[in-house]
Amino acid sequence: MTETSTGGTSRAPEFRLASEVIATLRRDLVTDAFAYRPLPLADTSGPVVRRLPGVLRRYAPWRRHAAVGVLAFLVGMISLNTQSDAWGDLAPIAMAMLTATPILMTLVRPVGAWWAAIAMTVVTAGISSRLGSGISWPWTDGSFFSYIVVMVLVTLRTGPRVAAWMWALTLALGTTISVVFNGHWGSNMPEMAFASAFALVIAGSIQIRRDAKAEVSAQQEVTAVERDKRTLLEERTTIARELHDVVAHHMSVVAIQAEAAPYRVKNPPPELEAAFVTIRENAVAALTELRRVLGVVRSADYEAPDAPQPTLASLDGLLANVREAGLSVEKTITGSVRELPQGVELSAYRIIQEALSNTLRHAPGAAAEVEVSYVLGGLGIRIVNDRATGDARPSPGAGHGITGMRERVAMLEGEMTAGTTADGGYEVAAFIPVPHRGERAPEPKEGTV
């Protein structure tokens, strides 16, 4: 079966596959082969680097560059020590530089370094063939090690696919040199094929593991961000549900009282009856709209609570529950206790509940103190605990409890602080403003539910 191109000519699948292979080869080894790609500095966050002395730790990011320089030096020394007398006037230092240069090139131009190693192989093979030197042909001892080191370093910089291309072209290079110069199979071509394959498999495995680790790390960061966003949305949804229960209760009371009010007055004037009818209609419309908005943020499996939402009057029951869980907690109330708006009471209760839960999780064995202050301008809350003293290990948390507290306080235009104390404990303090009777309550800030 053949495919017809735009111009009308037929192309066999084999031809299309060959074109794709050539295009991949060109993209990996030809296009921008000598582009400037410097080796990035090494990471310094490892435990070994952190234990190094100050001077060594300062230069630790350059350790990979130093390792490449050491490899180039060692390969150059091998070239110096393995040359025979047949080299004649050829300077040993020049041959050492010839074999070391491709290794150093991997620091800035990795793919171009491999092409430089190809050129080095051709040059050393041609000189060795003319001088009839030994069994190390077409790769001399120095060029043999230099070529393998270059392929390993390039694989660590690029990936396994480039390694496969380099190995295949190495076999083609060795065969071509053998036929052109000697007319038969080269003496150390099998050794090069086996040694390079072994080295490239190891280097490719390291690169695959490194890429997989980086991908997992990036995915974990994305997952953590998404989890934070989801938790924040869940917390706002919970606040919206609780506020709905509070506001819906009051709106329902308004609607019922507006409907019953005309019957409490003997012979009410028509204007009064019409005013109460309008009040009831507006209350019912607001309640319907509130339920519709809540349906946007409510999950499918949400069920309205059977019991009323808790208030500060239920605080003793909360403290009794945490005492049964092993937390020693004391309550202090200052000021004149009075009834507050239900939204303020609910938020204050939830903040105290979350703070005590955090104490149980993060400070096992610590004692806590809850202070509720009724002041002229609002309500003050303070929850402070000692440092952990128990044998149990603290339970790790995601850190979303504090975020939820701040959301509640910000929604009511209050202020909140949270942080460690001087003795190693933790303190959460919040102030929620409460307007006097007759004053208009503050509207929720933009962006809150």
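1. Accessible areas here come from the Shrake-Rupley method with a 1.4 Å probe. On that basis, the protein chain of this predicted model has an accessible surface of about 26,600 Å², of which 60% belongs to carbon and sulfur atoms.

2. As to the overall build, the secondary structure of the chain comprises 13 helices and seven strands, and of its 449 residues 33% are buried. When contacts between residues at least 6 apart in sequence are considered, 70% of them link residues at least 24 apart.

3. The largest nonpolar core contains 36 residues, and those with the most contacts inside it are Leu29, Ile103, Trp114, Trp139, Tyr147, Val150 and Met166. Two or more residues of this core come from each of the helices H4 (63–81), H5 (92–105), H6 (110–131), H7 (141–157), H8 (160–182) and H9 (189–264), with H7 giving the most, eight residues.

4. Leaving aside residues up to four places away in sequence, Tyr147 touches a set of residues that includes Trp114, Trp139, Met166, Leu173 and Met192. Another core, lying apart from the largest one, has 33 residues, including Leu327, Ala368, Val409 and Ile432.

5. Helices H4 and H5 each supply at least two of the patch residues, and the largest share, six residues, comes from H4.

Key. Residues numbered from 1 in each chain as written. Predicted model: local features only at pLDDT ≥ 70, side-chain atom pairs only at ≥ 80, totals over all residues. Heavy atoms only, no water. Helix = DSSP H or I, 4+ residues; strand = E, 2+ residues; numbered from the N terminus. Buried < 20%, exposed > 50% of the residue type's maximum accessible area, 1.4 Å probe, protein only. Contact = heavy atoms within 4.5 Å. Core = buried A, V, L, I, M, F, W, Y, C linked by side-chain atoms within 4.5 Å.
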